[in-house]
Structure formats: structure tokens, C-alpha cells
Amino acid sequence: MKLEVQTLPKEKLLLADFVYGRDNNLHLIRILAAYAVLVSHSFVLATGDGANEPFARSLGVTVGAIAVDVFFIASGLLVTGSLLVKQDLREFAWARARRIFPALFVMLVLVVFVMGPTLTRMPLSAYFADGATYQYLLKSATLVTGMGKSLPGLFEHNPFPQAVNGSLWTLKFEIRMYVILGLMWLLIRVLLKMPDGVFKAIVLLVAGLAGFMHLKACLGFGAYSQSVHLFFMFFMGASIYLLKDQITLSWPIFAIVAVGILAAATSRTLFPVAYTMAIPYLLVFLAYVPAGRIRAYNTVGDYSYGTYIYAFPVQQALASCFPGIGVWAMTIMASGIVLPLAMLSWHFVEKPMLSRRRYSSCS
């Protein structure tokens, strides 16, 4: 595939020259990240042991974990831009809600009322009479206290038993990041009426503190925290947006960063630190600079979210229906099922909801 470098009539390219448009590679990056999660999960769901994942053995991190970081950095970048452009917390909240919940609700209904009754080992009357069925639906649909974990009689003898949709755990953190960012903006800009520079400084401070705590844990000087990790990735994305006028997108810088992270991959000690420092720049560069035919993917649709939320239950269903299925057989078979589901989700659920841009339209 031929790549071109998007050029502008100035000596250097700044991130600010790109972030306001939709002609970028983020849809492609996110579908690749969603598929990376599917591949990574195939190792644990087919074998019951995530340590079999190649990157986990060599680098101490799975390709799925890297993909989740990509999602959080991109999300921090995009939703911060959305909030600051709209300058309206209600519209911001409505935009976030319609992006996450409609497709999530449809997926949950299909899992609870179609897949569950089909594959449960319990009698249907017992499955539908069990309060755990509706508890799973309610908890996973709201995500306030996290996701539901299991449905009655489902996947009890799988290599990774009982878990219905392990991918949903990240959505709880994603929503919390939205709430924290929105409340920070509300307090600083609306209630206290402080200038934009104060909001920017506090976001950068928060990202810096989270990054310090995360890197300290990576170096063995503290306990690792998943929440701090994801908090840092999200607010690093937010910081990138706020620093868009100072970030230069350069092929030489990209090459130096890429070579540095490849060199660090020879050491399980150095890699987590180098990776944490490098991944934000690599992501924004690849999202905005390579152009040409690669941008054709934008005409297809954004199938990343549908891929992400459907893959895990489909893979668990395959493990249940085909005991002993191998990693790559699961990956291939799941891909053939998940992609059509993701396409249907985008064209009939997500895209129509995203077209409802005015908050007042929901009232």
C-alpha cells in the first residue's frame, strides 16, 4: 500500500495542523488495536494460560495490553478536543453516552437472551428464573461498579471458565476518565471561571503525577496499579491535545523513537519504561502523518468498537462448542463471526446514534 506524507506550506508539521479534521488514520489504528485484542485473547481463551502469548513471554506485556493503551491515549486526545471545542458539558456527556451505550446494550441483549439460552448447561426455565441472569445484564449495561462476570451455566468448562465478556473491564475505566475530565473542566472553567491555561496546567500536572507513579512501578519502586496505568494513558492523550501547538510531527523523530523502543525490547527491564515514553508519540505520528491510499479505510466505517465488544463472547462460544480448539483456529473462526457483527453494529446502531448530534434531541 502506497503511503504519502501529508505536507503543509511550512517548515515543520505541528500536531495542531491535523487534530481538527477527520482525515486521519485513527479508524484504521483502532480496528487494528481491536483485532490485536482478539488475537491476544485467543491465547488465554483457547489454552487457559495467557502466559503463552508471545509478547508476554518476551516483553512482559501482551499485544492486547498495548492495544488497550492505544485506545486510552487516542480516547484522551479525541474527547479532550471534543470537550474544548464544544465547551458544553451536557453535549460532551451525551456524545460520550451515545458512543458507548447503544451498541453495548444491543450486544448484551444478544448475549443474555440469545447466546446464553443457546449455550447454557442449565434448563432454560432455570436460566431465565435465575436472578444472576438479570444482575449480569444490569451491571454490564450500566458499568457503574464494573462489568458482570458470568451467566448461569455458561462456559463453566471452558479453559478460561465462566467469564462472558472480559473485554468490558476497560469501559468502566474509560467512563471514569470521561467523568474526571468533565468535572475538572466544569470546576475550573465554569464554576471558578479560571482561564484555559489553568485547566491545561492542571491536566498536565495530573498526567505527570500519574506518569511518575506508573514509571516508578515499572522500575520496581512501587506496586503496579492498573487504574494508575490507564489514568496515565488517558491523560497523556489529553495532554497531547493540549500541547498540540508544541508537538512536531517529524519522520526523523519518529525513526529515533521507533529504533529506541526496538532496542529496549531486548530487555524486559527497560522495555516497559521505553514503551511508556514512546507509545504516545508513535501513535499520534502514525495517526496523522502517513497519508495517501491508506486513508481509504475511512470510507469503510469504524468497526473497532463492535469488534472489541463482540470478540470475547464469540471466542468463549467457540471454546465451548469446539473443545480443544487451537489458538489460531479460534482467531480465524472468531474473525469470520465478529467482523460481520461489528459491521452491523456500526451501520445500524453506532453510526445512526452518532448522527444525533444535538443534546436536545434526546430530551
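Visitor: At what angle do helix α3 and helix α7 pack, and how far apart are their axes?

Guide: In this predicted model, where local features need pLDDT of at least 70, side-chain atom pairs count only at pLDDT 80 or more, and totals for chains, interfaces and linings use all residues, α3 (residues 63-86) and α7 (residues 169-191) pack at about 30°, with axes 11 Å apart. Residues are numbered from 1 along each chain as its sequence is written, and side-chain values use heavy atoms, leaving out hydrogens and water.

Visitor: Why is α3 called roughly parallel to α7?

Guide: Angles under 35 degrees count as roughly parallel; the angle here is about 30°, and therefore α3 is roughly parallel to α7.

Visitor: Which residues of α3 meet α7?

Guide: Contact means heavy atoms within 4.5 Å. Val-68, Phe-72, Ser-75, Val-79, Thr-80, Leu-83 and Leu-84 in α3 meet residues of α7, including Phe-173, Met-177 and Trp-185.

Visitor: How do the residues of this contact divide into nonpolar, polar and charged?

Guide: Ala, Val, Leu, Ile, Met, Phe, Trp, Tyr, Cys and Pro count as nonpolar, Asp, Glu, Lys and Arg as charged, and the others, Gly among them, as polar. The contact of α3 with α7 has 10 nonpolar, 4 polar and 1 charged.

Visitor: Which element gives the largest share of the lining of the largest pocket?

Guide: The largest share, 12 residues, comes from α3. The lining divides into 22 nonpolar, 13 polar and 11 charged residues.

How values were computed. Axes are lines fitted to C-alpha atoms, for helices over the stretch in contact, and angles run from 0 to 180 degrees between N-to-C directions. Helices (H or I, at least four residues) and strands (E, at least two) are DSSP runs, numbered from the N terminus. Angles under 35 degrees count as roughly parallel, over 145 as roughly antiparallel, 65 to 115 as roughly perpendicular and the rest as oblique.
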